[in-house]
Amino acid sequence: MKTNHLFSALLSLALICPGIAQETHYQRPPAVIEEVALAKLSPIIRISDNNQWALQLERSPYRSIAKLAQPELKLAGMRISPETFNTSRQAEYTGASLMNIATQEEIKIEGIPDNAVITEASFSPSSNKVALFVEEADGVYLYICTPEQPVAQKVSTRKINATSGAEILWISDNEFITLMVPENREKAPEKPTVPSGPIIQESTGKVMPARTYQDLLKNPYDEQLFDYYFTAQLVRIKEGAVYEIGKPAIYGSTLSLSPDKSLLLIATVHRPYSYQVPVYNFPQKFEVIDLQGNSIYTLADNPTINIPMGYDTTSPYPRQFGWRSDKPATVYWAEAQDKGDPKQNKTDFMDIIYQISYPFNSEKQEVAKTEKRFRNILWNDDAFALLIETSRETRKNRTFTFKPCSSESPVLLFDVSTDDNYNNPGNPLTVKNAYGKYIVYTNKAHNELLMLAQGASPKGDMPYLSRYNLKTKKNTELWRCEDGYYETILKVANPEKLQLITSRQSITEPANLCSRDLKKKKFAQLTHFANPYPAMANVNKQKIKYKRADGLDLTATVYLPAGYDKAKDGPLPVLMWAYPREYKTKAEASQVRGSQYMFTNINYGSPVYWALRGFCIMENVEMPIVSTSEGAEPNDDFIEQLTMNAEAAVKVISEMGVGDPNRVAVGGHSYGAFMTANLLTHTKLFKAGIARSGAYNRTLTPFGFQTETRTYWEVPEIYNAMSPFMSADKLHGALLIIHGEMDNNSGTFPIQSERLFSALKGHGAIARYVVLPYESHGYAAKENILHLLYECDLWLDRYVKNAKK
């Protein structure tokens, strides 16, 4: 059945343009592009708590179309594999090894069955064991290995239920908690051949706007499937023996072990289910249970959550439950004082944070209040903690020092715009305490923090570590990434001795693991991953700065082909790649982002491939959309600002003498595709465009998109003006539209591309529509990726590189 479906999907592509011959099978791009696309990637690295081991998870660039075409269920906003009780499309690792950080000796982990993949991994509390979640043909199983015995052993023949994600909660090195498929399951529900009645939804007069979610429940049969596949058995495994905890249930947004390892904080999903929102907004009961499954205390039983539209809205019910990291068994949570809607209900404080401690026989205790929306608490002890509040409306995060459960007012520490990277002091270092939980690191007097910052500046990102004095407000740099490299701190292995584990890269060197001892001024490179793209070795890369017409500072990264000589070769065809972002002020929009010294990692979506095909590439072209006056929203003049951004980019590359202004293409993914279609319908700057998985008709996302919180009915003129579908009769240049057949992103339903192509075709535009079978919002199958690159190469060659003057 799947083969027929795949053939039909491919055949439909051949019928899009009548009278024009189309391929009915997968194509491959030029060899030089394919070589880069299929290059072996460096492993994902995880550092053990004792800093002795680096777990290296080997990754494959792409899976096969056959794997992607396996049965998949779309239920309550989730996508799962019914064959394996696992989330589908999750990250997969083809192998693993342990590296001794002190000696750099590598130990390969054996025992993983052929054709199986690792989906998740975790070190035990003392770091002497590694747990691996392994997906085999019939399910997910848990394996354990050690550095001394690196042949992984299957813990149990019972299958893991990973439909909501793989979970492992360590009690000790020999005991842990996880979720398994309940035993003695009957067969999955069969779809009824005849419906029992109509499907009815009703609005009872209550205002309930919602985003355009995908993959929701649609009928009673979907509800049965949801019950069947998401119901899991909580178990405790000790030295190979499996002990069930309570009855099977559907576990929701919370599952965590108390710091003293005696209790569990859980959220269980229950009926009535909704056809309007995903599972994380379904009714959930939050309670504390013991390790035998007995209910100890019910914290809340929330109904379906419909979060109001607008800035800083949230659930009107108790939310963000968690254990205090510094207490044996104390639960804290937040309660909205404005019923989750600050626009409709003005209050002095948006949220109050409460706590209650085991044995839960007292009243809840107020921990703190926040004027804006509560974000997080970094605990330390009863005398000191950090309280963080946030506001989407003002785009600010504020951090306070405070004494939990005290009448003393919190003291403002940082007040930072989320768009102002230059003045962002970074994040306080957290370390594990005696309970194995993360707390904010301070000295004994609670007057100093260690801060990890990205170090944004006009020179680009230069990450640093600093010591921040809470009394004097003085920030003293202890280390900063040196010029010529981009080096980030992965872990502060020893805060007192200032020993770091970092990831270091440069334009010519991929990221490698390094160690630094700041007091002893010692440095060592621990891994030596080679450049996976030899063909890219001599491609020239540079960060350029320029201005748009109103004086706003912009940047882009430019790539020029190896051996290119401007005087001899002349201006090149240009491929520009971008993604628009909204800002409140010009000063913040003008900031330099990223680092010019980062190694270029090339994934399927990168435009850099075409530097190997004789193009000048402009990547990360800044496309800021800025509020132009007090009270104005960025989107009020979206098209005008987008046009100015594009004009400035074309102008600078032309003035540099490396880009031909008459042969320029623009492209982007998702909101970048939306940008691309708008630029081709509102300007004459581009010969061609590549639009991947975009939304083009904003009336189909009527309750907001991106940072836009106004609805279509409030500002229809904005929605219409921003929708390239409404200007399909004005397209200039040739537009290649690509979309995943099973796009799951909110707002970018495939119908967006279908309708845009139909409109363009109806007006005689030059356009091509490619549907990638089984793909979601991001693409995963090797065959689809190579065909995508083939399509883009053909389009750029025909309509840009060899465009008619």
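Mentor: A polar contact is a pair of N or O atoms within 3.5 Å; within protein, one must be able to donate a hydrogen and the other to accept it, and residues adjacent in sequence count only if both atoms are side-chain atoms. This is a predicted model, in which local features need pLDDT of at least 70 and side-chain atom pairs count only at pLDDT 80 or more, while totals for chains, interfaces and linings use all residues. Residues are numbered from 1 along each chain as its sequence is written, and side-chain values use heavy atoms, with hydrogens and water left out.

Trainee: Which domains does the assignment give?
Mentor: Domain 1 covers 43-183 + 213-306 and domain 2 covers 542-800; such bounds come from an automatic or database domain assignment. The C-alpha centres of the two domains lie 37 Å apart.

Trainee: How many residue pairs are in polar contact across the interface of domain 1 and domain 2?
Mentor: The rule finds eight, both residues of each pair being at pLDDT 80 or more.

Trainee: What area is buried between domain 1 and domain 2?
Mentor: About 1,300 Å², with carbon and sulfur atoms giving 58%. Buried area is the accessible area (1.4 Å probe) that two parts lose on being put together, summed over both. Of the area that domain 1 buries against domain 2, Tyr 62, Ile 65 and Gln 214 supply 48%, more than any other three residues.

Trainee: And how many salt bridges are found in the whole structure?
Mentor: The search finds 43. One of them joins Glu 135 to Lys 67, with the closest N and O atoms 3.5 Å apart. Glu 135 lies in strand E9 (residues 130-136) and Lys 67 in helix H3 (residues 65-68), so this pair ties together parts 68 residues apart in sequence. Helices (H or I, at least four residues) and strands (E, at least two) are DSSP runs, numbered from the N terminus.

Trainee: Turning to the backbone, is the peptide bond from Arg 271 to Pro 272 cis or trans?
Mentor: That bond is cis, with omega near 5°. Pro 272 lies in the loop between strand E17 (263-269) and strand E18 (284-290). The bond from Tyr 358 to Pro 359 is also cis, with omega near 15°.

Trainee: Is the phi of Ser 127 positive or negative?
Mentor: Positive, at about 70°, although Ser 127 is not a glycine. Most residues other than glycine have a negative phi.

Conventions
A salt bridge is a side-chain nitrogen of Lys or Arg within 4 Å of a carboxyl oxygen of Asp or Glu.
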